[in-house]
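Biologist: I have the sequence and the structure open. Can you walk me through the strands and helices?

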Amino acid sequence: MQSSYTGRLRARSLGVLLAVAGAAVCAHAGASGPVRARSLITATRCAVAPEIDGDLADAAWRGAGSAPILGSPSQPRNRIHACWDDAALYLAVWCEEPRMATIEAPPVERDGGVFLHESIEFFLSPQDGTGQYFHLMVDAANTQRDEEAPWPKSYDEAWNGVWESAVQRNESSWQLEVAVPFETLGVAPPEPTERWGLNVCRNRVNSGLDGNQLYSWSPLTGSSFHCPSRFGLLRFGVGEGVQIDAVGDLFPGTQTLACHCPAPTNARVYAGAADDFELRGRRAHQGDTQVRWRQFIDDRLVAVEVACADTGALLYASGHVRLDPVLPEGYANRLAQVDPSKRLLKEFHRAAARLAKSTAPLPERLDEWNAIAGRLDAAALEHQARRLLDNGPRAASGAPAYGLAVASSMVKILPQRPELARLTFSPEIRLQAAGNEAEAAQVVLYSPERDLRNVRLAATELRDAHGHVLPASCVSAAPVGFVETHSPKYYAAPIVGWWPDPILSETEQFDVRQGDLQPVWFSVRTPPDAAPGVYTGALTIRPESEPEAIIPVTVEVWEFALPVRSSLRTAVHCAPAYCYPPEQFAPERVTAIEQAFERFLAAHRVNPGSIYRPNKLLEGATLERWAKLDVNAFCIKYIRSGDLNAPDGLHMLPERLEHERTFIAQSLELARQHDMEDRAYVYMFDELRGKHFEGINEVAAVIEREFPNLITLTTAIDSTYGTRSPLKSVKAFCPNTPHYNLELAEQVRREGRQVWWYTCSGPSKPFANLLMEYPAMDIRLLMGFMAYAYHTDGFLYWSMILPSLRSCEQTPYTGWNIDFMGYNGDGNVIYPGQNGPLSSIRMENWLDGAEDYEYLKLAEQRIQQLRDAGKGRAAARLEAELSRFARPGNELVTSLTDYTLDPGAVCTARARLARLIELAGQDL
C-alpha cells in the first residue's frame, strides 16, 4: 500500500511549477499575504509644464521620474518619463529603433487601428485595483485613439478625451509626449504620494522584422495588454527625480544598478509595492553611484526604489526576474511537512545556498533545482499522506482504512493539491463560541487506495456537565463541493482547476474519489440563551463497506451572547428568483425560496433586498418580515446612471426628479408604518465619474432638503468624499477598498456623513477580495478586524448569487460555472439548492468576520458600562486590549494589503477579547 499512495502523490507533484506552488503555499502559510511586486515609477512635480512638441529636451523631462521598459539585451531600448502639475499628467516615451526607415504607421483617422501600427499604448487607472482604466494610444504618425474601460468586455470606444500628443522621429529612434488633463479623466488633481495604476506598452511594428514585437513596462501574465491586475504603480511625487538604469535580467545575489541623484544624499533602497523590504544601499553622491542589493520579491519582477532625502524625490525602476531557485517563502509550508529526521532537508538547504552563489547558466541551475524540488515535494506529500492515514480508522486487519485530519474553517482545501493543504492532526474538533454565534471546522477525508462510497455524516447533540443541551438542530455537517475555475483574464491566479466552496447541505451521502482530499464542513450555531460551559458530542463518518470514524467534538460557550441586530451595515443585491426557471418551479415555490434566502442572509448578518431595487414600492409584508429579522439597513430606491437623461446626459429632467421625490416619500411612509424609517437608504449612481458630479449632487440636494434624515449612498468615484468635489449633499460615500482613506473618512464623519467600502471584480491582490482563488481569510477580515481598524460604516457587495446559476446535482464535483466576465466567483457567494440557499466557505467566513466585529463592538459597550458603574480599572484593562485593534498596524491588520493569513492568530485574538468581555460581565 505504501508504494501505491506515495507513487500516486509523487506523480501528481512533479509537474508543479515552482512559482505557482510558492504563491499558493504562501496564501496559507505566512503572517502576511504573498507580495506581488509591481513596476513602479514616480511622476515628479514640475514647476513648468513641458511643451508637447515631441522634443524631450525640456527641463521638466530632465528632472522627471524615469524608468526603462525592459526587453532582452538584443532588443531595442525603451524608456518612459513622468511628471505632473495641477493641470495634467505628462508622459514621454523614447523608443530606440535601428530600422526607422521601415516602421509602419500609415495614415488613419482618429480612433482607427492605431494599435496595429508602430505605437505606444498607455493604460491609466486613477482608481487602481478596480479594473477601471483609460486606454490612450498614439502611433508613430501621431494619430490618437482612446477609450474608457469601466468594466472588462465593456470598453466605451465612443469616449473621446481631450488630451495632447506629439511625435518626433530621429535617425535611430522616435519619441512621444502626451499631456492628459486630470479634468479629462474626471478626477481632481492628485495629492502627493497618491498612486495610480499605469502600464506603458510598445507595439514594435516594422516591415524589416519577421514579426511584431510587444513590450510592456509592467510585465504581464498573458498575451493581452488589458490586464489591470498587472498594471504597475504611478506615484505622484515632489521635487527632482532620481535616474535609475536597470541592468537587464536580474537575479538574486549582488546586482548593480546605475543611479544618478541630483545632489549629495543618503540613498534608501526598497523593494515591493508597499515599501516593505528595506535593502542595503551605499551612500550616494552627485553623479553616478552604485546601489547593491540582495533581495527580490517574486519569480517575475523586482522593483527597486531610491529615495533622495534632501528633495523628497522618489523614483522606481524595475527589471524582469526569471524563475530562480532561491524561493524560501514558497517552500515554507512544504518544508514543515517533511519529516524533520529526513536528511533531505539538509540537502535542500545546502543546495539552495550553493545555487544562490552559482554562476552556472540558468538552464543548468534550474535543471538541478527542479530535481531537488521534485524530491522535496514527494517527501512532503508522503509524510502528509502517512499522517492522514495514521489519524484515521483501522480496518479489521489493522491496516489504515482511510485518512482523517482537521482543518480550520479559514483555509481552503484543494481536492487535488494535497501538498498545499494546511492540516492539523488533532483527534477531536474543538470550538469556542458566544451565544447566538456560528463556529465551524473542517474534517478532511483521504483514501489513497480506492473511492469511499456513499459516505454519510451524523452529528449528535452536545451536552455539558450540568445537563445543558445544544440540540442536534444546532449542529450540522455536510460535504464541501468543488467548482471548476477557468484561467482568469484580469488577475493572476495561483491555480486553475477545482476549488472548494459550496457547502452541500442538501446532500445526504457522497463519494470521495481515490487520492483526493475531501473536506466536510462541521458547524455549531449556539442559541442566544445558550448556557455557558463546555459541551461535548461527536461527529460520525460512515462510508459504505468501511469502518466508521467517530470524531469527538468539544464546544466551549462563552458567558455572553452576540446581539441579533448586526452592528455593521451591509448593502447587497440578491435576486435568487432568476436561478429557479418558471418551467421547473411554480410561483408559490419560488416565493417560498426567496423568503428562505431572506432568512439565510439575515442569519449570516447580511441585509436582504437589493441595492438595484426596481421602481416598485416595497410591500408591507416584506417590511414586516424584515422587521422580524431585525435588518439594520435596506434600500428603498435605486437611482440609476441612466436617470441622468437630460439632453446633456449629465443631469436629471425635472419631471423625473419629481417622480423620484414622490416615490421616496411613499416608500418612507411605508417604512414609518413598520418603525423602520431610520434604516432606509437610497442607493444612487453606481460608479459614475467626475463629469456627472453636478447632476448627482442636484438629485442628492433635493433628497437632503425633502428628507433630511435619509441616507443617500453612492459608489460614484470621488476620492475626496465631497471635500473637494460638488458632491456636498451626498450622505454616504462608498469607495472601492484601495481608495478608502481613513484620515479623510474620519474628517467627513465629523461632518455627519458616512464612508463605507466595497469590493467587486476589483481590487486584485495584494488587496483582500472574495474571488474564488483568494484566501478565505480575506472576507473574514474585511467584515471583522479590518472593518473595525478602518472604522468603515458599512460593506457593499454588488451580487450574492449569479442569475446564470441553476440548481444542479450536488455531488462534490459540481457543475456550477462561477466565471463572471473573467472573474471566478465574483458576484456569487451563495448557491441555489433545490429548496433554498446553499452556503459556501466564503459566505461562512463572511459571517465569522461579522461576528468578530460584534466581539469588538461588544467590548466597546462593556467598557462604557464599566465606566458608568465606576469600574475604571476593569474598563482600562478591556480598553487596553481593544485598542490593539482600533487602528491599522495591529497584529492582524497592518494595512489593506498586509494582513495575517494565520487562522491561529485570529482565534487567539478573539479568545483574548472573549475572556476580557467575560471578566467585564462578572465585574458589572
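Modeller: One term to begin with: two strands pair if DSSP finds at least two bridges between them. Also, this is a predicted model.

Biologist: Fine. What is the strand order in the open sheet of 5 strands?

Modeller: The order is S21-S23-S30-S27-S28, and the pairing is antiparallel.

Biologist: Which strands stand at the edges?

Modeller: S21 (403-408) and S28 (498-503). Each has a single partner strand, so one side of each has no neighbour in the sheet.

Biologist: How much are neighbouring strands turned against each other?

Modeller: By 30° on average, ignoring direction.

Biologist: Back to S28. How many bridges join S27 to it?

Modeller: S27 (residues 475-484) and S28 run antiparallel and are joined by 4 bridges. Val-483 is opposite Trp-499 of S28.

Biologist: Which strands does H14 lie across?

Modeller: H14 lies across S23 (438-446), S27, S28 and S30 (517-525). Its direction is at about 145° to S23.

Biologist: New topic, helices. At what angle do H14 and H15 cross?

Modeller: The axes of H14 (residues 841-868) and H15 (residues 872-883) cross at roughly 155° and come within 8 Å. Angles over 145 degrees count as roughly antiparallel, so H14 and H15 are roughly antiparallel to each other. The crossing of H14 past H15 is left-handed.

Biologist: Which residues meet there?

Modeller: From H14, among them Leu-856, Ile-863 and Arg-867; from H15, Ala-874, Leu-878 and Glu-879 are included. The contact residues divide into 8 nonpolar and 4 charged, with no polar ones.

Technical notes. Residues numbered from 1 in each chain as written. Predicted model: local features only at pLDDT ≥ 70, side-chain atom pairs only at ≥ 80, totals over all residues. Heavy atoms only, no water. Axes fitted to C-alpha atoms, helices over the stretch in contact; angles between N-to-C directions. Helix = DSSP H or I, 4+ residues; strand = E, 2+ residues; numbered from the N terminus. Parallel < 35°, antiparallel > 145°, perpendicular 65-115°, else oblique. Left-handed = near helix turned anticlockwise from the far one by under 90°. Contact = heavy atoms within 4.5 Å. Nonpolar A, V, L, I, M, F, W, Y, C, P; charged D, E, K, R; others polar.
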